[in-house]
Amino acid sequence: MENRNNSKSERISPARLKLSPSTNEYQGTDIRSIQKSFINHLEYSLAKDEYSATKRDFFKSLALTVRDRLIEKWITTQQTYYRKGAKRIYYLSMEFLMGRLLGDALINLGLYDTAQQAMNELGYDLEALASMESDAALGNGGLGRLAACFLDSMATLELPAYGYGIRYEYGIFYQKIVDGNQIESPDHWLRYGNPWEIERPEYIYPVKFYGQVHQYHDERGTLRFNWQNTENVIAMAYDTPIPGYGNNTVNNLRLWSAKSSREFNLEYFNFGNYGKAVEEKIISENISKVLYPRDDFYAGRELRLKQEYFLVSATLQDIIRRYKKTHSEGFQLFPNKVAVQLNDTHPALCIPELLRLLVDEEGLGWDEAWDISCRTFGYTNHTVMPEALEKWRIKLLEYILPRHLQIIYEINYRWMEKVNKIYPGDLDRLRELSIIEESDEKKVRMAHLAIVGTHSVNGVAALHTEILKNSVFKEFNKITPEKFNNKTNGITQRRWLKLGNPALAKLISHKIGDGWITDLYQLKKLEQWADEKKFQREWELVKLENKKRLAYCIKKTLDIDINVHSIFDVQVKRIHEYKRQLLNIFHVITLYNRLKKGIPKNFIPRTFIFGGKAAPAYSMAKHIIKLINSVAEVINSDPDIGEKMKVVFIPNYSVSSAQIIIPAADLSQQISTAGMEASGTGNMKFALNGALTIGTLDGANIEILQEVGKENIFIFGFTAEQVQGYRQDGYDPINFYDQNSELRQTIDMIKNGYFSPENSELFHPIIDSLLNRGDYYMVMADFAAYLECHEKVAKIYQDKNRWIKMSILNVANMGKFSSDRKIKEYANEIWRVKPIPINIDRKQ
């Protein structure tokens, strides 16, 4: 989704800018220096002039200009960390949902307004140039966006930190909606290159797979293990600078790309077997092609496991190389200099891999290596859903990573000995606490491995952490309660308010100053202005302009006209049954039925906006997308409805589209089944931009309620305890179907093909999951309360002053939900890392 502001001022010819050498050519932050760099890059980096250059060339030239102003800080940052012997943070994540980086870099460098003016004088619009940047396809949802927020906060807080991930060539997929269905296609985000990254061919590491383990005794009689006859893939580093806001810190995001250890087999080629000549290269490099390959078949599971180990192995080799540069005496100080945070269970193979490196490669004894490993790693859990806790089949691990399976067995053996001493002969507890799941097909429970092999296990919201401690990992918490702690999620206000909603950011700064950019608690000062009518009108105008911008994008993308004076009711997030997009669309259908009956007379117009991707193998989520689009087609084309109601599904939801959608939202849908959303961060982004939340008592919604007050949020539905009680007592969704006529009408319309006349059975899998398979996510049970809550929303929305005041108070009380706060808690309580200010000494 792009902005409409593509206006150009009178263009200044490059010839009018004297390109004389400057001692400050790469660091200059004034308008003329930026213009000179921009034109230099256009000519000397891209070999273009103003006549042959495309819009993408202009973007690249500007990106390189901005990157120049990061390089000196980037190098100095790394040198300072070495010079001061810093303990470093390594954040491992399978996802980093970075979004576009140009605006982010300009904001953090304090150059946004300068660059905007510089481009205007040259005849280019900064926003239009920024829109030419592809979103980096390095993530899918909240996990990856959280990781990106953390990188920003760590740099802003001047913490010595590194992000490590995989440089996916095609991301997860590019979502198209064709006839209402999700169609996946490759996301060619690297097609035109990435001006931010720097290739590091000097940092390459072999990553081993398959092979056999040879046991032998060394000259001291110690049993040793040699992993041999392996197939090797080369991991090559690509680095991206991560600037902090208003300081000199530029940290590093290092992404690994898979390269074949044997690029080309000339012998096969010479005998005409051209496919075989490059076959090994293609197979090897598949590892970094796509995020989360489908795992509903063997080859997909094998590739996903290889991806996880590829990230882990290359990263730990790199960490050890860096450690050894200044600590050649041994590994005793390793946990004092290295803190590794595992973002969910995907990098849990770090634990056996570090043990392998320390024991097999470095010659340490098991006990010493285990102590070092446990003190190095922290683990963040992101799910309470047992089916989402990662497990790997023993046979697959034995085939791909035979040495690691041996190490996991050893870890489990020692852990089981410890448990047995605490609970002698208690086989049920041993079975529950074992890293190995003794089912029909044995599996390794990666969450159990992560708990046993780390010194800290944190949840990401207060409710989530309590569920971990008292339910999901209850027995682990009894044995090691000191490990478990809560770190409620947060978001970076630099991107999600200052960059994403500049008009609101400017209004806020005008009233209370700009201290909130690095201390979000300062937004509390807005409370004193919440009742002032002039400020309310200014606030309302900002929201209206943001709604107009979104309406323009929807018209341009989908050719749908929407009423900017309607309630923008938004649910954009990954499509999943527990997030309950179904509950939302059931409400939409119910309102449609009421309107067709002529009630209510004073209906408040609504625009329902959906967006999000379904996992390629998740058929139910794809059915939900199809249902939303089918309902939209009926409602949007019904002349009886007109501007009263529209339904929109925005395809290929991304960070960049979120920055247009979120500032325009009036109502934020956070309606997951209570007890199933670990935290959520979308709820925070919407509230920070002045949207009011309608939600359940789930995840961070509870803490938002505590911060903003119950009078400024719309809460409905069962609690997590009530959901659990209903399930245990025998929940029967048919009772709700029988007792609620509007719910029954909605379900019958879907079941009988009202929204799919070409195939009346199209949505039967959805109906079957509700009526015949238990409605696990409690859509039916929460339906009536959800409708009643929406009626309260409509009533309050009619009182403009009250609604705007609630909006202001939501923003004013978002201080807790900055990722800066969370990173400070990590640094002080888990990583034990101190800030290191970076000083730039420019000697003329």
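At what angle do the axes of helix 22 (residues 581-596) and helix 29 (residues 741-751) cross?

## Basis

This is a predicted model in which local features need pLDDT of at least 70 and side-chain atom pairs count only at pLDDT 80 or more, while totals for chains, interfaces and linings use all residues. Residues are numbered from 1 along each chain as its sequence is written, and side-chain values use heavy atoms, with hydrogens and water left out.

## Helix pairs

The axes of helix 22 and helix 29 cross at roughly 100 degrees and come within 10 Å. Helices here are DSSP runs (H or I, at least four residues) and strands likewise (E, at least two), numbered from the N terminus. Axes are lines fitted to C-alpha atoms, for helices over the stretch in contact, with angles from 0 to 180 degrees between N-to-C directions. Helix 22 and helix 29 are therefore roughly perpendicular to each other (under 35 degrees counts as roughly parallel, over 145 as roughly antiparallel, 65 to 115 as roughly perpendicular and the rest as oblique). On the side of helix 22, the contact (heavy atoms within 4.5 Å) is made by Phe586, Ile589, Thr590, Asn593 and Arg594. Helix 29 contributes Glu742, Leu743, Gln745, Thr746, Ile747, Met749 and Ile750. These residues divide into six nonpolar, four polar and two charged (Ala, Val, Leu, Ile, Met, Phe, Trp, Tyr, Cys and Pro count as nonpolar, Asp, Glu, Lys and Arg as charged, and the others, Gly among them, as polar).

For helix 6 (residues 142-156) and helix 33 (residues 819-831), the axes come within 9 Å and cross at roughly 75 degrees. Helix 6 and helix 33 are therefore roughly perpendicular to each other. Leu146, Cys149, Phe150, Ser153 and Met154 of helix 6 meet Ser819, Asp820, Lys822, Ile823, Tyr826 and Trp831 of helix 33. By class, this contact has seven nonpolar, two polar and two charged residues.

## Nonpolar cores

A nonpolar core is a set of buried Ala, Val, Leu, Ile, Met, Phe, Trp, Tyr and Cys residues joined through side-chain atoms within 4.5 Å. Buried means under 20% relative accessible area, exposed over 50%, and partly exposed in between (1.4 Å probe, protein chains only). The largest core has 218 residues, and those with the most contacts inside it are Met154, Phe209, Phe310, Ile585, Phe586, Phe714 and Trp831. Helix 31 (residues 779-797) gives the most to this core, with 11 residues. Another core, of 59 residues, lies apart from it, with Leu523, Trp539, Phe568 and Val655 among its members.

Tryptophan 831 is in contact with Lys87, Ile89, Met154, Ala339, Gln341, Ile823 and Tyr826, leaving aside neighbours within four places in sequence.

## Buried polar and charged residues

Arginine 494 lies in helix 19 (residues 493-499) and is buried, with a relative accessible area of 0%. Its C-alpha atom is separated by 7.7 Å from that of asparagine 108, 386 residues apart along the chain. Not counting residues up to four places away in sequence, arginine 494 touches several residues, including Asn108, Asp152, Tyr245 and Asp820.

Glutamine 659 lies in helix 24 (residues 655-661) and counts as buried at 14% relative accessibility. Beyond four places in sequence, glutamine 659 touches Arg495, Trp496, Leu499, Gly500 and Arg549.

## Covered helices

In helix 17 (residues 462-472), Leu463, His464, Thr465, Ile467 and Leu468 are buried. Their cover includes strand 15 (456-459), helix 18 (474-479) and helix 26 (701-708).
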